[in-house]
Amino acid sequence: MLRLRDLTILESKDALTHVPQGKILINTINAHSFNTAQNDELFAEALKNGDYLIPDGASIVKACRWLKCKSRPQERVTGWDLFEFEMKCLNDKKGRCMFMGSSPKVLERIVERAKTVYPNIQVVTYSPPYKPEFTPKDNESIISAINDANPDLLWIGMTAPKQEKWTYSHWAELDIHCHVGTIGAVFDFFAGTYQRAPKWWQEHSLEWLYRLVKEPRRMWRRYVIGNPLFLRNIRREKDNG
C-alpha cells in the first residue's frame, strides 16, 4: 500500500532546476498510479524509492494539501514538463538522448521531430518486444542497448506501472551516468501520434476529461471508476492518520 504522507514529491516546475547531475531516477505520480500502487507492492516500492517523484495530476496536488503531507506541491508538474525541461538543458549543452520503449513507428517519428526541435541532441532509440512480461534474454538485450548507448539522458516509455517497475528492478544493472525519466505517453505526444489536451483543458485540470472524451472505451475505467476510487483511498488515508 502506498501513502501520500510517506512520499517526497517535487514541489514545483522551478524545483527541476535543483535536481543534481548524475544517475537519477525520476518518476511521476497521478491518481491512476496511486490507485494502482495500492495493490501492486513492487510498483509502490518503485514510486517510493526513486530519487524524485513529480506530481503529474492536480488531484495529487490537492490531496497532499488536504492531508497536510510533508510534501505539498505548489502546482502540477507533468511528464511533459519534465521532458521539455530536460531536453532543453541537453540541447543547450549538446549530448546523446535515448528513448527506450514504444513502437518502431513512434520512435522513427521522435527521431525526425527531434532533428528540428532539438538539433543539438543525438537521438538513440530501442523498441523492446511488445509483450506483458520480458524474458531474461529480453531484459539482457534492453540493458545492453542502454549501457552501450551510454546516454546523457534516458527516457523509458512502456506505460505505467510496467515502465517504473522495470526501471526500478534493473536500476543496479544500468551502467549509466544520467537522469532517467519514466514518461509513458510523452513518447506519443512528442511523436505526434497522440494529441495532448489543448491548453485550456490543462489549465483547468481537465486533461483527464479530454482523454476520456477522446478515448472513452480505453479510458472509462481509469477515470469513471478510478477517480471515485482515488477519493476513497485518500479518505481512508485521512481517517487512518
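Student: Is Asn27 buried or exposed?
Tutor: Buried: Asn27 has a relative accessible area of 0%. Keep in mind that this is a predicted model.

Student: Where is Asn27 found?
Tutor: Asn27 belongs to strand β1, which covers residues 24-29.

Student: And what does Asn27 touch, leaving out residues up to four places away in sequence?
Tutor: Quite a list: Ala46, Leu47, Gly50, Tyr52, Leu53, Ile54, Glu164 and Thr182. Also, Pro55 sits 28 residues from Asn27 along the chain, and their C-alpha atoms are separated by 9.1 Å.

Student: OK, zooming out. What is the strand order in the sheet?
Tutor: The order is β2-β1-β6-β5-β3-β4, an open sheet of 6 strands with parallel pairing.

Student: Which strands stand at the edges?
Tutor: β2 (52-55) and β4 (121-126). Each has a single partner strand, so one side of each is left without a neighbour in the sheet.

Student: What about β5, how many of its residues are buried?
Tutor: 5 of the 5, so β5 is largely enclosed by the rest of the structure. Both of its faces are covered, with Leu153, Trp155 and Gly157 buried on one side and Leu154 and Ile156 buried on the other.

Student: How many bridges join β5 to β6?
Tutor: 4 bridges, between residues 153-157 of β5 and 179-182 of β6, and the two strands run parallel. Trp155 stands opposite Gly181 in β6.

Student: And how many join β3 to β5?
Tutor: 5 bridges there, again with the strands running parallel. In that pairing, Met98 is opposite Leu154 of β5.

Student: Switching to helices. What does α5 lie across?
Tutor: Helix α5 (residues 104-117) lies across β3 (95-101) and β4, and runs at about 180° to β4.

Student: How do the axes of α3 and α11 cross?
Tutor: At roughly 20°, and the axes come within 11 Å; α11 is residues 216-240. The two helices are therefore roughly parallel to each other, and α3 passes α11 in a right-handed crossing.

Student: Which residues make the contact?
Tutor: On α3 it's Ser59, Ile60, Ala63 and Trp66, and on α11 it's Phe230, Ile234, Arg235 and Lys238.

Student: What's in the loop between α3 and α4?
Tutor: Thr78 is one of the residues there, with α3 spanning 58-66. At 5% relative accessibility, Thr78 counts as buried, since the cut-off is under 20%. Leaving out residues up to four places away in sequence, Thr78 touches Ile54, Asp56 and Arg196.

Student: Then α4 itself: how many residues, and what does it reach from its first C-alpha to its last?
Tutor: α4 (residues 79-93) has 15 residues and reaches 22 Å, close to the 21 Å expected at 1.5 Å a residue.

Student: Which residues of α4 are buried?
Tutor: Gly79, Trp80, Asp81, Leu82, Phe83, Glu86, Met87, Leu90 and Asn91.

Student: Last one: what follows α4?
Tutor: Lys94, and its phi is positive, near 70°.

Key:
Residues are numbered from 1 along each chain as its sequence is written. This is a predicted model: local features need pLDDT of at least 70, side-chain atom pairs count only at pLDDT 80 or more; totals for chains, interfaces and linings use all residues. Side-chain values use heavy atoms; hydrogens and water are left out. The expected span of a helix is 1.5 Å times one less than its number of residues. Buried means under 20% relative accessible area, exposed over 50%, partly exposed in between (1.4 Å probe, protein chains only). Contact means heavy atoms within 4.5 Å. Two strands pair if DSSP finds at least two bridges between them. Axes are lines fitted to C-alpha atoms, for helices over the stretch in contact, and angles run from 0 to 180 degrees between N-to-C directions. Angles under 35 degrees count as roughly parallel, over 145 as roughly antiparallel, 65 to 115 as roughly perpendicular and the rest as oblique. A crossing is left-handed if the near helix is turned anticlockwise from the far one by less than a right angle, and right-handed if clockwise.
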